[in-house]
Amino acid sequence: MRTGERNTFDSVIGRAAALLGAFDARHLSLGISELSRRSGLPKSTTARLAAELTEHGFLERTDGSDLKLGTKLFELGELASRQRKLREVALPYMADLRQVSRQTVHLAVLVGTEVMYVEIVRSRDAPRMPSEVGGRLPAHAAGVGKALLAFSPESVVQAVIDTGLPAVGPRTITAPGLLLRELRRVRELGIAYESEESGHGVGCAASPILAADGSPVAAMSISGWSGKLDLRRVGPAVKTAALALSRDLQVRGPASAPSWAVHQA
């Protein structure tokens with residue numbers, strides 16, 4: 001909001017956005033009074049929200065008493081940029097998989113203990129899957145999640161186990177020992193198979209997209225209805241595409257791939 005503007009903010013998000021939007025190239029640090037004036041918020045509201053945003057890393061204190069944008073915003077901006085680049089590089093490979101399989105192709109990343117779908121290429125010949133871009137699932141309950149966990153550090157896998165492995169679909173793996181054995185198998189094959197673990201009737205074959213050091217960047221899958229999708233046939237196709245995409249990203253450099261901040265967010 002421009003200096004001097006006043007408005008009624010109906011939500012906490014709207015007020016927080018007004019505070020963050022008060023900073024620009026000419027106003028890199030602001031005191032509470034100036035922040036209140038530029039955002040159009042009452043000084044008491046500004047002070048309270050600024051304290052909360054500082055606590056969560058969206059704002060930081062300068063050497064004095066002023067405030068500046070925090071590193072959390074930089075991290076989120078980097079994440080958004082890298083995911084956009086990942087999608088751009090992955091889309092041709094996903095389109096090829098859709099053409100070969102005539103099924104839905106997913107691209108997902110690990111966010112904490114969940115997988116988040118960052119791109120979906122749907123086939124007109126396949127039934128519509130319930131997944132959506134930006135949607136999330138517990139990592140242990142999805143083929144893309146198992147593909148990512150199989151190549152993740154032990155601490156990441158343990159964090160998933162610590163969630164209690166809740167059931168999502170009729171065949172979700174809910175026993176830690178069984179999950180660990182499954183991840184070892186995925187690591188050996190380079191392919192994760194799913195049959196009704198993320199939802200009733202859903203099947204998929206997924207493979208990880210790896211950085212040069214072997215850490216997982218993302219995972220790609222072919223998904224369809226269990227019983228109608230030949231998982232053993234599409235599995236090698238997904239693995240081949242994921243290997244090619246991994247090499248492509250490695251050639252383009254690490255900036256093309258999400259960092260471990262994605263997995264630890």
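Helices (H or I, at least four residues) and strands (E, at least two) in these legends are DSSP runs, numbered from the N terminus. This is a predicted model, in which local features need pLDDT of at least 70 and side-chain atom pairs count only at pLDDT 80 or more, while totals for chains, interfaces and linings use all residues. Residues are numbered from 1 along each chain as its sequence is written, and side-chain values use heavy atoms, with hydrogens and water left out.

**View 1. The loop that holds E196, between strand 7 and strand 8.**
E196 sits in the loop between strand 7 and strand 8. Its phi is positive, about 60 degrees, even though E196 is not a glycine. For background, most residues other than glycine have a negative phi. Buried or exposed, where does E196 fall? E196 is buried, with a relative accessible area of 17%; buried here is under 20% relative accessible area, exposed is over 50%, and partly exposed is in between (1.4 Å probe, protein chains only). The hairpin of strand 7 and strand 8 has six residues between the strands.

**View 2**
Strand 7 (residues 192–195) pairs with strand 8 in the antiparallel sense over four bridges; two strands count as a pair if DSSP finds at least two bridges between them. Look for S195 opposite G203 of strand 8. G203 also has a bridge partner in strand 9, namely G224. Strand 8 and strand 9 (residues 216–225) are antiparallel too, over nine bridges. Their hairpin leaves five residues between the strands, and G214 in the turn has a positive phi of about 90 degrees. Strand 8 (residues 202–210) is mostly covered, with eight of its nine residues buried.

A nonpolar core is a set of buried Ala, Val, Leu, Ile, Met, Phe, Trp, Tyr and Cys residues joined through side-chain atoms within 4.5 Å. The largest one has 29 residues, and L107, I209, M220 and L245 have the most contacts inside it. At least two residues of this core come from each of helix 4 (71–101), strand 4 (104–111), strand 5 (114–121), strand 8, strand 9 and helix 8. Helix 8 gives the largest share, seven residues. Leaving out residues up to four places away in sequence, L107 touches a list that includes L86, A90, M94, M116, V118, I209 and A218; contact means heavy atoms within 4.5 Å. Apart from this core lies another, of 25 residues, among them V144, A147, V160 and V186.

**View 2. K146 and its polar partner.**
K146 belongs to helix 5 (residues 143–149). Its relative accessible area is 0%, so K146 counts as buried. The side chains of K146 and E197 are joined by a polar contact of 3.0 Å. A polar contact is a pair of N or O atoms within 3.5 Å; within protein, one must be able to donate a hydrogen and the other to accept it, and residues adjacent in sequence count only if both atoms are side-chain atoms. Beyond its neighbours within four places in sequence, K146 is in contact with residues including H140, E182, V186, Y193 and E194.

**View 3. Helix 3 and what covers it.**
Helix 3 (residues 43–55) has 13 residues and reaches 18 Å from its first C-alpha to its last, close to the 18 Å expected at 1.5 Å a residue; the expected span is 1.5 Å times one less than the number of residues. Which residues of helix 3 are buried? They are T45, T46, L49, A50 and L53. These residues cover an arc of only 125 degrees around the axis, which puts them on the same side of helix 3; the arc is that of the directions from the helix axis to the C-beta atoms. S44 and E55, on the other side of helix 3, are exposed. The cover over the buried residues includes helix 1 (12–21), helix 2 (32–39), strand 2 and strand 3. Just after helix 3, G57 takes a positive phi of about 85 degrees.

Three strands make an open sheet in the order 1-3-2, with antiparallel pairing. Strand 1 (29–30) and strand 2 (59–61) are at the edges with a single partner strand each, so one side of each has no neighbour in the sheet. Strand 2 pairs with strand 3 (residues 67–69) over three bridges, and R61 stands opposite L67 in strand 3.
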